[in-house]
Amino acid sequence: ACSSKYVLSQMHPMWQGPLAVPGGDRQSPIDIVVRKSVFDSELKPLVTEYNPETCQQIWNNGYSFLVEYDDTTDKSTLKGGPLQDKFRLCQFHFHWGESNAWGSEHTVDRRLFPAELHLVHWNSDKYSLFEEAVMEDNGLAVIGVFLKVGKRHEGLQKLVDALPAIRHKDSVVEFTRFDPACLLPVNIDDYWTYHGSLTTPPLTESVTWIVMKQHIEVSHDQLAVFRSLLFTSAEEDVQKSMVNNFRVQQPLCGRTIRSSFS
Ligand SMILES: COc1cccc(N2C=Cc3cc(S(N)(=O)=O)sc3S2(=O)=O)c1
Ligand SMILES: [Zn+2]
């Protein structure tokens, strides 16, 4: 799987960490300035082929909660869009705020969303292990989807119902037969794409970001359950609510953001 404790445990609740990695000139997240993005007609539609049977577990890593997929074969994959190779889904997770006014990592013309979903994939054409891919230039592809508060998301509810069982850091429960495609917006043909990094340690600059233009809606109550999670483990005497687990925005450093739509 693609998330090991030693890496994730470096994350501190209000982890704001270094403003940018020393020498890092392609860090994430960033603000997407729509009028500065460049339409690229060569960008193809994204092709996701997710198999719910590869869903394995859901766990609280002390920074977010991750739904992990079996990435030992090419069963749940992403290709097309800006990608030249086939990428394997390894996990998805979210970032959110303590209020509905903020929480997303990326913004669109400075517009904040209450939360953001990240579907993490690694290049299985070029690498045999996630741990290799995460260190390489074109090793990872992460789909970002903005969440807005509105109507209840039926597909999300199975995940929301599992959260009370993983309230504390390092708690894990079995979680199966969840199709992450249900979390994608109706239209996945319209997106922005740019070269960036992981937004938490190890902050490696190995990510092709694909940020969806269309958001998904979840209910206020569903998002409130995210906020009932804790950064802290059961043993700690001071419990801290898992909120505001997003990174500060990073300098664009001259990068071009391409759009798949004009
Ligand atoms: C050896 O490198 C490893 C090993 C195990 C897990 C990770 N990761 C850590 C952070 C991280 C942050 C992501 S985000 N918010 O940009 O989508 S995705 C992701 S991760 O790849 O799961 C890295
Ligand atoms: Zn993330």
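Select Pro 202 to begin: this residue is found in the loop between β12 (191–196) and β13 (207–212), where helices (H or I, at least four residues) and strands (E, at least two) are DSSP runs numbered from the N terminus. The peptide bond that leads from Pro 201 to Pro 202 is cis, with omega near 15°. The model is a predicted one, in which local features need pLDDT of at least 70, side-chain atom pairs count only at pLDDT 80 or more, and totals for chains, interfaces and linings use all residues. Residues are numbered from 1 along each chain as its sequence is written, and side-chain values use heavy atoms, with hydrogens and water left out.

Now select Asp 109 in the loop between β8 (107–108) and β9 (115–123), a residue that is not a glycine and yet has a positive phi of about 50°. Arg 110, found in the loop between β8 and β9, also has a positive phi, of about 70°, without being a glycine.

Finally, display Tyr 69 and Phe 92, whose ring centres are 6.1 Å apart with planes at 40°, so the pair is tilted (rings of Phe, Tyr and Trp, the last by its six-membered ring, pair if their centres lie within 6.5 Å; planes under 30 degrees apart count as stacked, over 60 as edge-to-face and the rest as tilted). Tyr 69 lies in strand β5 (residues 65–69) and Phe 92 in strand β7 (residues 87–96).

Note on methods:
Chains are lettered from A and ligands numbered from 1 in the order in which they are written.
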